[in-house]
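This briefing reviews the nonpolar cores, the charged residues and selected local contacts of the structure shown below.

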Amino acid sequence: MTNESNKYRIVLAFYGDDLDNYDHVVALETKLEAELLSGEVDGHDVGESVVNIFIDSREPTRCFEEAMRIINDMEPKPNAAGYRDIKGEDYVRLWPAGDVTAFELN
């Protein structure tokens with residue numbers, strides 16, 4: 001059994017669920033799976049015109065920053081990102097920087 005204390009779920013949200021955008025986001029997910037060191041990619045979903053990538057990490061801010069460096073030269077960029085305690089429900093916004101609106105999973 002995995003110890004989930006101090007573990008967080010990060011969500012990278014990409015607006016647009018057309019097939020072309022979906023394919024690009026899945027390519028980003030594959031790159032993150034191969035290169036991300038501070039977290040573990042836990043898949044993706046599609047809903048309400050958004051494609052989300054899920055990442056589990058003990059260090060959500062560091063992991064998000066690493067993920068953004070990894071996908072820096074690729075498109076699309078996430079439109080929003082947030083994280084929550086793995087067992088929680090309320091998200092903390094990570095992106096866009098300075099945005100004070102609540103992050104909600106779509």
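**Salt bridges and local contacts**

Glu-59 is partly exposed at a relative accessible area of 39%, where partly exposed is the range between buried (under 20%) and exposed (over 50%), computed with a 1.4 Å probe on protein chains only. The model is predicted, so local features need pLDDT of at least 70 and side-chain atom pairs count only at pLDDT 80 or more, whereas totals for chains, interfaces and linings use all residues. Residues are numbered from 1 along each chain as its sequence is written, and side-chain values use heavy atoms, with hydrogens and water left out.

**Charged pairs**

- Six salt bridges are found in a search of the whole structure; each is a side-chain nitrogen of Lys or Arg within 4 Å of a carboxyl oxygen of Asp or Glu.
- Glu-59 pairs in this way with Arg-62, with the closest N and O atoms 2.6 Å apart; Arg-62 is partly exposed at 46% relative accessibility.
- Arg-9 forms a salt bridge with Asp-42, at 2.7 Å between the closest N and O atoms. Because Arg-9 belongs to strand 1 and Asp-42 to strand 2, this pair ties together parts 33 residues apart in sequence.
- Arg-9 is buried, at 15% relative accessible area, whereas Asp-42 is partly exposed at 42%.
- Arg-93 forms a salt bridge with Asp-99, the closest N and O atoms being 3.8 Å apart. Salt bridges with shared partners join Arg-9, Asp-42 and Asp-56 into one network.

**Arg-84, a buried charge**

- Arg-84 lies in strand 4, residues 80-85; strands are DSSP runs of E with at least two residues, helices are runs of H or I with at least four, and both are numbered from the N terminus.
- Arg-84 is buried yet has no salt bridge, and the nearest side chain of opposite charge, that of Asp-85, is 6.2 Å away. In this count Lys and Arg are positive and Asp and Glu negative, while His and the chain ends are not counted.
- A polar atom of the Arg-84 side chain lies 3.1 Å from the backbone oxygen of Gly-88.
- Beyond four places in sequence, Arg-84 is in contact (heavy atoms within 4.5 Å) with residues including Lys-7, Tyr-8, Arg-9 and Tyr-91.

**Nonpolar cores**

- The largest nonpolar core has 21 residues, of which Ile-10, Leu-12, Leu-32, Leu-36, Ile-53 and Ile-55 touch the most other members. Such a core is a set of buried Ala, Val, Leu, Ile, Met, Phe, Trp, Tyr and Cys residues joined through side-chain atoms within 4.5 Å.
- Strand 1 (8-15), helix 1 (19-35), strand 3 (50-57), helix 2 (60-70) and strand 4 each supply at least two residues of this core; the largest share, five residues, comes from helix 2.
- A second, separate core of seven residues includes Val-11, Val-50, Phe-54 and Phe-103.
- The buried residues of helix 2 pack against strand 1, helix 1, strand 3, strand 4 and strand 5 (92-95).

**Strand pairing and solvent-facing sites**

- Strand 2 (residues 40-47) and strand 3 run antiparallel and are joined by six bridges; strands count as paired if DSSP finds at least two bridges between them.
- Ile-53 in strand 3 is the bridge partner of His-44.
- His-24 is found in helix 1 and is partly exposed, at 38% relative accessible area.
- Asn-72 lies in the loop between helix 2 and strand 4 and is exposed, with a relative accessible area of 53%.

How values were computed: Polar contact = N/O pair within 3.5 Å; in protein donor to acceptor, adjacent residues only side chain to side chain.
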